[in-house]
Amino acid sequence: MDAFILQILNGLDKGSAYALIALGLTLIFGTLGVVNFAHGALFLIGAFCAVTVQKILGISFETIDPTQTDFLGNPLKVATPYVEKWLGTDMGMAIQDWSVPLAIIVVIPVMFFLGWVMERGLIKHFYSRPHADQILVTFGLAIVIGEIIKAFYGANPIQTPAPSTFIGTVDVGAWLGMDPGSVAYPTWRLVYFAFSAVIIAGVFAFLQFTTFGMVVRAGMADRETVGLLGIDIDKRFTFMFGLAAAVAGMAGVMYTPILSPHYNLGMDFLVLSFVVVVVGGMGSLPGAVLAGFMLGILQSFASMNEVKALIPGIDQIIIYIVAIVILLTRPRGLMGRKGVMEE
Amino acid sequence: MLGLNTRDFKLFILVCVLALAAPFLLNPFPTASALGESFNAGYPALMQRFVIFGILVIGFNILFGLTGFLSFGHAAFLGVGSFAAVWMFKLLSYNVVPAIILSVIVAGIFSVVIGYVALRRSGIYFSILTLAFAQMMYSIAFSDLAGKMMGFTLTNGETGLQVYNDDPQILMGPDSPTTPHFFGLEMNSQFTWDIGGWSFVFQNGYYFSALFLIAAFYLSIRIFRSPMGLMLRAIKSNQTRMSYTGINTKPYMLAAFVISGMYAGLAGGLLAAMDPLTGAERMFWTASGEIVVMAILGGVGTLIGPVLGAGIIKYLENIVSKINDSILHQWFAIMPDWLDNVLVTIIHPFIGKGWHLTLGLLFMAVVIFLPGGLVQGGEKIGELFRRKKTDDAADGAKTPAE
Amino acid sequence: MGILEVKGINKRFGGLQALGDVNLSVAENTVHAIIGPNGAGKSTLLNVLVGKLIPDSGSVMFDGQSVLGRKPHEINQMGISRVFQTPEIFADLSVFENVLIPCFAKRDGSYKLQGIGAVSGHGDVHDMAEAILADVNMLDKRHMIASSLSRGDKRRLEMAMCLVQEPKLLLLDEPTAGMARADTNNTIDLLKEIKEKRDITMCIIEHDMHVVFSLSERITVLAQGMPLVEDTPDNIKGHPKVREAYLGEAQV
Amino acid sequence: MSKSNFSRRGVLKTGAIAGAGLALPTYLSAASHTGYTNAPTGSTVKFGFNVPQTGPYAEEGLDELRAQELAVEHINGMGDGGLLNTFSEKNLQGDGILGKKVEFVTGDTQTKSDVARASAQSMIQKDGCVMINGGSSSGVAIAVQGLCQDAGVIFMAGLTHSNDTTGKDKKANGFRHFFNGYMSGAALGPVLEKEYGNERQAYHLTADYTWGWTQQESIAASTEALGWTTTQNVLTPVGAGDFSSYIAPILNSGADTLILNHYGGDMVNSLTQAIQFGLKDKQVNGKDFTIIVPLYSELMAAGAGSNIQGVFGSMNWNWQLQDAGTKAFTKSFGEKYGFPPSGAAHTCYVQTLLYADAVTRAGTFNPCGVAEALEDFDFDGMGNGPTSYRGSDHQCFKDVLVMKGADNPTNAFDTLEIVEVTPRAQVEYPVDHPMFAGGDLGACNPGA
């Protein structure tokens, strides 16, 4: 039973990560009609925003401590971060400790800006081009972004821990009235899950309840008509691109304590996020969320030893099997619209 | 001639010349010169890759170029082709003939099954289906899941499949060659012609593959110009009209898919014939992506584009990735120190380990400015010259894309 | 017994009754028009006839065989061709290639995986294509890319592509929609010419009553998915029910 | 961004070497009837350094490259001579090899077998290399080793830990300085027994590919010999990223020890995530829950940060050793690059020197001669204590280090501490050991 609950938790957690990435992707597709293969790269940039914030907070000056020696036998240079010098050691260390949550504040304007630049500078010119061209140019962009990050940060994964408050586990079992300690779940993963839920709900609420969102939704359904009403839909769509980029970036930041970021992270998530979006149905926001959770949970269960004992390696291919089955039984994914992306 | 019109015939002759004279064309600089050490590409292993990947992309182009169906899992067929070929080496002998025949057949069978399923959907749904199948096959091969199920080594996992001395090799006689051969003609034996500062290498394996490239290219021209090629282009242009013209598009699509899968199988078989080892990574999705990149870079739907695209990527991968800073310093040795260092600093990110960056930028530039690939770029330049020469702008109707 | 017999067709989209108990009988070698206000179900009916939609109930017999359950390309091979409101042609191919494709379909059926022989090797198909292009006066444009044709030429090309298959029944979906009066008259002449030259049944959906009354021998009026009246043009002209259905829609 | 600070002198020297190369082309092929592939005829000889420069192991590859460049400098008589001063053989005089200056070319394996082979082929066919060195994965090592066997050049394997490299995939032209899965198990066993006793329930997470399988087999065998029980072995996909669904079941499985047969990014992630699940703070069967990472590397340790504290593992070599060889190498490398060398760097450096030495002893670059000189060759002073290359499988035998994540690291470089130097005798095994069975070394192939 506890194993079962743990896998459900895992599935929800994984699912929320998938859903959050897929949400931005399908948002861009739904509003702008662009297939953005660089979406994984936006996630990557987000993750590296966290790394950058951590690095900036760690910028140090060096003092020479003659009592200690380094590995070559020379006097040791001791590095002290400036924040610790300026704000006192305790405060400085606390700020460094909280670098991941702090990065959230940084990432929103940064990603909005990058999204805006990307849309105005590149994507805009591809609205009238075939989807294949959009896929290809953004694929090229994804390679370039990954390589630039590698040039700055190297290829090794970089450890970006969560604040120490969130290290450790929460006894979920006790909440459910089970034996204490039977279902312990990492605190940060629960934070991530809650965070995803808030963001997803926020995006839906924004589209559902604001005038701006209503216009965008109308534009998603029929761009020309909305244009005829004298509304500058293009500006709003650019904003949506920025929003999608910000969502991807926040997902990236929050994910860093779970997965140490490295330059190829974007590509690792690219295939997966596309499978999620397509299974959900291109351009369908609820579809993406549904598919994200579905695939997350299925993957978690497929990883259970009991399941793997029956079919070895099922955990490696379950996502693809599900994708094939869904696409064959529901031609446009779970909640896709007709005629979208079928030419 | 050969059933081709003049223009196609010229193109065919061009490819023949390129393929047969590659050892000369790819070694433009004296071997020991700095330029030669950096930029010469006329050594057998790379030339083989040029032609083998050329075959692969020519095949891919029959599917994507003609019908517009973007397969993101084509590398899987290359992989199964290679596995089939290596198994033939393991079981029969190092003769490449059964290996290549089986690799084409096995890739054909896989593509019939996958094509039949994937072609039930179109657009991005088709792309994702092919991707899903290919990734599944990759996982199965990488961890040898199929082998584990059946209790023996099928793909040998990540290490890759290779021939061991204790393999059955039932057709192997006491004097049979111990490397891949064509009825005794060993693939890796070669003849070197040293002349002046140059040395040109002519290798059996390369010419064996080059003949396949020529045949594959010829076949692709014939398919492009055949009624089936016409039907495929029509499917790309307007599926609705196709069905209201009484044409069942499925068999045509499946045929294109299978032909292109078999081309990939042939390429896989040839890769194994040149180098009898194969691994699962040949099937990874990025390998499929690379095929797409090659096709786009060269020019989708054109005849010669795929060969060009494959050549450029393989050149970047093998030549640019080997340029390192000390080579750069040698080039700029005549310049003042500071300029040398500045230049090296500027170029540094794009060479050696940064060749992916160069590739990404080049690829973006092509997609943005030359949607028709480098072939279109060539045509544009050619047009410029023609205009200047004849000043005859009123050319009338352009011949349809070839 | 007509060449096309539609009996009791029903089709619902969710809560909307698109077609309700539609009966239609088209006699061989006649021109039969289907008219009705917007949303009357004309296009739905046409889509049922070509196999794009499957009705909830009813039967469609063509030339003594049932059409229902067949795929569009099979229905075409039975002898039904369709001209669309916006011409559906192969925009990326040349005019000549556009015509070649139905010629191959006519000769080889639904599919025939040809060898690798060049297209030009198929002389019979070539001649067939040239003949039809000559028929529609487009031989001089044979090398043009179809997308660069004028709207009228696109329409003529589509017509040629349908006619070369020598269909028994030609379905025309608003063939003059969006055309200037002169073009419309040309189209009328073209259709009349076609009708004179060959044995063909035509079924036209049209808003333009000028076209309808110039061409058709019988007219079916649909309103809200129901067949209202079926009669000769002269009788339809003054029919009170038709007036009512079209109130404010068009001058009858 | 890496900076390029090339001194004028260095350029002139390389230029001179390149100039010397111009006089007599070194490009020779198998067909040239010199008796072996790429026999150097001029005043230079070329090595090929084939390491991952892109992909997940790029950092490791770049460190290997640094070490190899350093080795070439030392062989050519530049720098401080490094390990040449402590090496028990004194054949290398700092004037190149057999009077020929050493040049090298570099290539990118991308940690993909196909690419690695393409790159090695280019080194052999285009650049005329007589030896290929380096690499960072067993799959790649086995692939390139097979290629070098067929082409007739010597392959020095670099970082490869799978038993198969000198087991069922061993080749006569290939040598491995690095240790292997069996040796990790044999070295860890006694230390684990001392630390954790004889009654442990071990749960294995294993990367689902050849290296993972052989390491798991080795570790399970050696821990079971202590009396431990292997409760479960779960195969995980490579590059899974999120291992939570494999880690969660461990919590209540009754196991008190987790053994992570992962490497590189997978290890960084699985270890980090295991600790997030609170495994390290758990008490099971009345014992503190323990995590073991059988194969450590400095870069993995850096990636995993503080998570490795107290976690045991094994290594081929570490710069913190106190012997003269290690000190000389660390000084030489550290002064040039500003940080201590990694184990992978050490392996590649030593292999380059050993190859050079073998050539001088054999008096020829002919791979058969070199192989003969390396087979059953005993030496010392290279940082691993008395070392031997076994002739029957080309595996190197030497001491193995058992490491632990330091509890209080003082800087970025001493995050791991040496717990024990396991003597060589303890990690030796007969050549026909079942874990290494099935291979055939074959005969050396000189190519032409």
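Guide: In this predicted model, 36 residues of chain A are in contact with 37 residues of chain D. Five elements of chain A each give two or more residues to that side. They are α1 (2-32), α6 (131-153), β4 (184-186), α13 (285-302) and α15 (314-329). Helix α1(A) has the largest share, with seven residues. By class, the side of chain A that touches chain D holds 15 nonpolar, 16 polar and five charged residues.

Now chain A itself. Its secondary structure comes to 15 helices and four strands. The C-alpha trace spans about 75 × 50 × 35 Å along its principal axes. Take the contacts in chain A between residues at least 6 apart in sequence: 73% of them join residues at least 24 apart.

Next, the other partner of chain D. Four pairs of chains touch, and chains B and D have the most contacts among them. Here 49 residues of chain B are in contact with 47 residues of chain D. On the side of chain B, the elements that give two or more residues are α4 (44-67), α7 (123-142), β4 (190-195), β5 (198-203), α15 (325-331) and α16 (337-347). That side divides into 13 nonpolar, 26 polar and 10 charged residues.

Some pairs do not touch. Chain A and chain C are one such pair, with their nearest C-alpha atoms 14 Å apart. Chain C and chain D are another, and there the nearest C-alpha atoms are 35 Å apart.

Go back to α7(B), one of the elements facing chain D. Inside chain B, the axes of α7(B) and α5(B), residues 75-91, come within 9 Å. The two axes cross at roughly 35°. The crossing is left-handed. From α5(B), the contact uses Ala75(B), Ala76(B) and Gly79(B). From α7(B), it uses Phe133(B), Ala134(B), Met137(B) and Ala141(B). By class, this helix contact has six nonpolar residues, one polar residue and no charged ones.

Last, chain D, the partner of both chain A and chain B. Chain D is divided into two parts: domain 1 (8-179 + 320-393) and domain 2 (182-315 + 401-427). Their C-alpha centres lie 31 Å apart. Across the boundary, 20 residues of domain 1 of chain D are in contact with 19 residues of domain 2 of chain D. On the domain 1 side, α2 (58-75), α4 (138-151) and α11 (343-362) of chain D give two or more residues each. That side has eight nonpolar, nine polar and three charged residues.

To place the part you asked about, keep two items together. Chain A meets chain D through 36 of its residues, with α1(A) giving the largest share. The pair with the most contacts, however, is chains B and D.

Conventions: Residues are numbered from 1 along each chain as its sequence is written. Chains are lettered from A and ligands numbered from 1 in the order in which they are written. This is a predicted model: local features need pLDDT of at least 70, side-chain atom pairs count only at pLDDT 80 or more; totals for chains, interfaces and linings use all residues. Two residues are in contact if their C-beta atoms, placed from the backbone, lie within 7 Å. Ala, Val, Leu, Ile, Met, Phe, Trp, Tyr, Cys and Pro count as nonpolar, Asp, Glu, Lys and Arg as charged, and the others, Gly among them, as polar. Axes are lines fitted to C-alpha atoms, for helices over the stretch in contact, and angles run from 0 to 180 degrees between N-to-C directions. A crossing is left-handed if the near helix is turned anticlockwise from the far one by less than a right angle, and right-handed if clockwise. Domain bounds come from an automatic or database domain assignment.
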